[in-house]
Amino acid sequence: MRYVRGAAIAFLLVTTVACLFANVIAPEGYAHQFRELPNAAPSRQHLLGTDDLGRDRFSRVLYGTRVSLVLAPAAALLASLLAALIGGTAGFLGGWFERCAMAATDLFLSLPWLFLLITVRALLPLNVSPFISVVITFALLGCLGWAAGARVLCADARAIAQSDFILLARATGISRVRLLWRHLIPNLKPVLEAQFWIAIPVFILTEANLGLLGLGVAEPMPSWGSLLRELENFSNLPAQPWLFVPLIMLVLVVSSFDLVLSKEELLI
Amino acid sequence: MSVFAKHAIRVVLVVLLGGILGATLIRFAPGFGVDEAELDTRLNRESIEAMRHARTNDGVVSFYVSYFGRLFRGDLGMSQTLQRPVAELLRERLPETMKAVGLGLAFGWVLGFSMAVAVVTWRVWYFDLAAGILAGVVLCLPAAVMALAFLLLQAPARLVIGLVIFPKVFRYSRNLLARSAAAPHIITARAKGAGEARVLFWHVLPATAPQLLALAAVSVSVAFTAAIPMEALCDLPGIGQLAWKAALGRDIALLIDITMIVALITVLANSVSDFAGHAFQRTDA
């Protein structure tokens, strides 16, 4: 299992580096159209062929991977920070604040996640640039994905706040801020990290679902969701197996994130 | 306060909170107060402004009052894109989604739970590994891709929901059952020669029942979420497809009503699961 985990980490590192240097590695920009070469088969010039608008598919896969691999962790970080702020503070302070915060979390968890996401997404203006649409999509994922993590962090913060060493620290007259900063947050770090790593594949898959439904990142900016839309052309699939490359990349990356997490972290 | 009262308050709170959120989103959504009549090219800017003002000069408070008044009368408003009452649309499409969700839940649970039971009962490493890999691969596939695959293979699309639920049910119940099966009293029962079926039904399952019931409630929410891509891509006329069309057409009123209905069903499922869990624990004690 250790070797599999190592391989998953290595794969994620290679993929991240490759997509971060997409400007250098990709033969063309993601929006550049070779109008004379639509739906071209793979060649030396276009490793994965071109799409129906003549855009180089390999470049789009690289840039799309960059969008998902950079912004999904950013959204996961936002969700984890919100969870830490709400759940951690509630568990630490306890009493009415905890009850109110957890009631709000429960209510938030009752709202169906994808329904809520597409509702808020539909409220936003239509005429936004592709870059803004990417930021909006992932910011929404981050802002709406905190509730489950907040519950876990609240329980953990409560347990720590009631532990002997915190009692001892309180008895020495330590200030609340210092107690929070020096004792609570460092002890919450493992749970927070686990929440962060768990959230990344969830957000990647949600973006893919939204993209396939036409509610994700706007064209011409590529993302795994928009790249997977090519799979809707069933008649092309047997003759063009390279259309599966974005799906294979998605499965490999998501399963690698899954493998990076230990069994204990998955149980959280 | 009794458990029943707590749950009743929770359901009421969700409906109220959903209503307030929904009303707020509608009130402040771009395009609120805009009417098709404004497209009349004979109207000048002042006339359009006057028409808009006439529609929105009620004020925020009276807007909320009239919104809730309509809501309590069962009037969910009109769909802007489909030009039909929302209540009528929901009445038409909810049964299709409920059927798909029910079938998907049954399929996902039968598959996931039976595999988890088999892994824990047989204790064969290669079966555990194979089941784990299968669940891992399915977990990495977006529901929309699975829906496309089912469409391509002309398989029953409703089973997509089952496949989305299967890995979650398998992983969680496998871990729960394995932990319960490793408890000292169960090892003792096995050492005394109790059969696998007896150990499972008399010792392992009762100990894990509350958590499994909680998982069942969570899987209802997951099933509804999976219904959106499944119905949208496989052209099934349920509320998932309706929500998708509403999102594309920016039909905020319709989207909010759908979200509230699904939230209500989810909260009710959670409450039933909590009740059953409490009842089970009391009986067990």
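**View 1. The helices of chain B in a predicted model.** Chain B has eleven helices and zero strands, where helices (H or I, at least four residues) and strands (E, at least two) are DSSP runs numbered from the N terminus. This is a predicted model, in which local features need pLDDT of at least 70 and side-chain atom pairs count only at pLDDT 80 or more, while totals for chains, interfaces and linings use all residues. Residues are numbered from 1 along each chain as its sequence is written, and chains are lettered from A, with ligands numbered from 1, in the order in which they are written.

**View 2. Burial and contacts within chain B.** Of the 285 residues of chain B, 35% count as buried, a residue being buried if 20 or more other C-beta atoms, placed from the backbone, lie within 10 Å of its own. Among contacts in chain B between residues at least 6 apart in sequence, 74% join residues at least 24 apart; two residues are in contact if their C-beta atoms, placed from the backbone, lie within 7 Å.

**View 3. The side of chain A that touches chain B.** Here 31 residues of chain A are in contact with 38 residues of chain B. Two or more residues come from each of α4 (95-110), α5 (113-123), α9 (176-212) and α11 (245-260) of chain A, and α5(A) gives the most, with nine residues.

**View 4. Helix α4(A).** The 16 residues of α4(A) should span 22 Å at 1.5 Å a residue, and the end C-alpha atoms are 23 Å apart, which agrees; the expected span is 1.5 Å times one less than the number of residues. The buried residues of α4(A) are Ala101(A), Thr105(A) and Ser110(A).

Notes. A residue is buried if 20 or more other C-beta atoms lie within 10 Å of its own, exposed if 12 or fewer, and partly exposed in between; C-beta atoms are placed from the backbone.
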